[in-house]
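Please read the following report alongside the sequence and the three-dimensional model.

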Amino acid sequence: MIKYFDNAATTALDKDILDKMMEYFTDRYFNPSSIYTPSISVHKDVEESRKRVADAINAKAEEIYFTSGGSESDNLAIKGFAYANRKKGKHIITSCIEHPAIINSCKSLEKEGFEITYLSVDENGFIKLDELENSIREDTILISVMTANNEIGTIEPIKEIGRIAHEHGIKFHTDAVQAIGSVKIDVEDMNIDMLSMSGHKFYGPKGVGALYIRKGTNVTRMNDGGHQERDKRSGTENVPGIIGIGYAIETAYKDFDKNVKKITELRDYYISEIEKRIPDIKLNGDRTKRLPGNANFSFKYIEGESIMLLLDQKGICVSTGSACSSKTLEPSYVLLSIGLPHEIAHGSIRVSIGKHNTKEEVDYLIDSMVEVVSKLRDMSPLCEEEK
Amino acid sequence: MYSDKVMDHFEHPRNVGVIEDADGVGTVGNPVCGDVMKMYLKIDDNEVITDVKFKTFGCASAIATSSMATEMIKGKTVDEALELTNKAVAAALDGLPPVKMHCSVLAEEAVKAAIEDYRDKKLKEN
């Protein structure tokens with residue numbers, strides 16, 4: 001049996017959601033843009049799904065645009081907004097720990113004459129609000145800061161960031177891909193103008209996401225074609241995916257308190273047992289303001305890919321910020337941004353607990369972690385020098 | 001991603017440990033880069049490597065190449081061991097992913113560093 005502790009990478013699609021999606025592949029395959037009766041009915045279901053997504057974040061249905069996932073939503077938000085608003089200014093503020101979909105969208109814009117400020121973060125991964133305020137310029141058009149970080153789980157002060165943005169007449173985008181289903185989001189209360197999400201992070205299907213765009217926020221579409229998604233996103237709708245993401249987000253917030261409580265308890269148990277049983281470790285990210293399922297530890301003197309692969313041999317799936325798991329041989333830029341030295345960043349393991357994990361599985365993970373870390377440390381020349 | 005042989009040597013590394021009275025010890029690599037290998041050699045009067053142990057900080061391929069290199073030089077003379085190449089270590093493991101070839105280079109360098117240490121000590125004795 002696989003013990004899956006990589007729920008930040010993706011989650012298992014709920015079976016009852018899959019059941020609801022199936023008829024849109026086969027019996028009800030109709031194109032929602034057509035105007036005969038079967039299509040009108042599918043169109044209606046797509047709009048109901050849009051409403052479900054909107055309701056979950058206190059938006060209006062007409063402010064939700066379906067995309068292929070988090071990366072496309074981020075690209076559309078950052079580049080689409082920049083292109084539509086370039087006459088107002090060319091400056092964008094983001095953080096240095098954003099997902100590559102944001103960072104690389106910003107890099108692309110830099111080549112086209114936009115100027116980007118990448119805010120630093122403190123040792124727990126929080127952006128600094130005074131640095132944000134000091135970075136704002138006359139020509140700043142957009143601030144984009146993630147709701148929660150995918151690697152270290154830190155939950156950013158989104159409401160305050162949105163307030164600062166709005167005080168200066170600047171629009172605020174947040175990449176909430178990791179946060180949906182784990183953090184309650186209210187786009188009105190939190191001053192959010194655009195928000196990215198991805199279905200498969202909250203037990204929905206892969207290949208579908210959404211971008212919330214507040215009414216009155218100008219965004220240029222990124223792909224030319226037909227007039228789907230009110231001209232913001234051409235291409236025939238991924239109807240089964242759209243149906244899936246709607247039910248998935250509805251389920252995520254219906255079961256929110258129960259799931260978050262259970263997941264947080266399992267995570268805190270994992271953290272306390274690891275801290276009790278393994279010396280020379282560091283918990284990365286903030287102890288409390290973190291995603292309920294996220295636990296990211298650095299294990300000194302050993303390397304993350306080795307830990308990950310030995311856990312894999314025991315049927316456990318986790319992820320690492322080690323250089324050796326990347327193609328660049330550089331450790332995670334998020335871990336370096338919170339000030340970890342390279343040699344500590346190499347030894348980091350992210351565990352992300354989900355709603356299907358059990359206490360028994362977490363116990364197995366803890367025991368396996370103790371065994372694997374001890375085995376690798378026995379093999380490490382760094383360990384011996386230190387002692 | 002890794003061959004079965006790499007996984008075998010990674011999960012069951014041969015010759016892990018320390019030789020307290022080693023005749024030659026070599027350390028190569030840098031923790032900042034994510035790999036450090038330390039190799040210990042016991043060498044008899046005929047310059048035959050009678051025992052070899054290693055300790056490695058690094059990824060699966062760093063551990064596997066260290067393990068394979070120790071197997072390949074055990075029982076060999078010092079001169080024979082100096083002929084060990086990183087390519088031979090990688091080939092003996094049925095290949096390494098391109099980004100991991102540097103691990104085999106470290107294994108070759110660790111063997112050479114340990115032999116150099118042995119020869120330095122010898123020179124000083126004489």
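Which residue caps the N-terminal end of helix 7 of chain A? Asn238(A) does, with a side-chain oxygen lying 3.0 Å from the backbone nitrogen of Gly241(A). This is a predicted model, in which local features need pLDDT of at least 70 and side-chain atom pairs count only at pLDDT 80 or more, while totals for chains, interfaces and linings use all residues. Residues are numbered from 1 along each chain as its sequence is written, chains are lettered from A in the order in which they are written, and side-chain values use heavy atoms, with hydrogens and water left out.

Helix 7 covers residues 239–254, and because 16 residues at 1.5 Å a residue should span 22 Å, the 23 Å between its end C-alpha atoms agrees. Of these 16 residues, 14 are buried, where buried means under 20% relative accessible area with a 1.4 Å probe and protein chains only.

Elsewhere in chain A, helix 8 (residues 256–277) packs against helix 12 (residues 359–378) at an angle of about 25°, their axes being 10 Å apart. Helix 8 and helix 12 of chain A are therefore roughly parallel to each other, a term for angles under 35 degrees, and their crossing is right-handed.

Over all chains the structure holds zero disulfides, a disulfide being a pair of cysteine sulfur atoms within 2.5 Å. Two cysteines are set out below.

How values were computed
Helix = DSSP H or I, 4+ residues; strand = E, 2+ residues; numbered from the N terminus. Expected span 1.5 Å × (residues − 1). Buried < 20%, exposed > 50% of the residue type's maximum accessible area, 1.4 Å probe, protein only. Polar contact = N/O pair within 3.5 Å; in protein donor to acceptor, adjacent residues only side chain to side chain. Axes fitted to C-alpha atoms, helices over the stretch in contact; angles between N-to-C directions. Parallel < 35°, antiparallel > 145°, perpendicular 65-115°, else oblique. Left-handed = near helix turned anticlockwise from the far one by under 90°.
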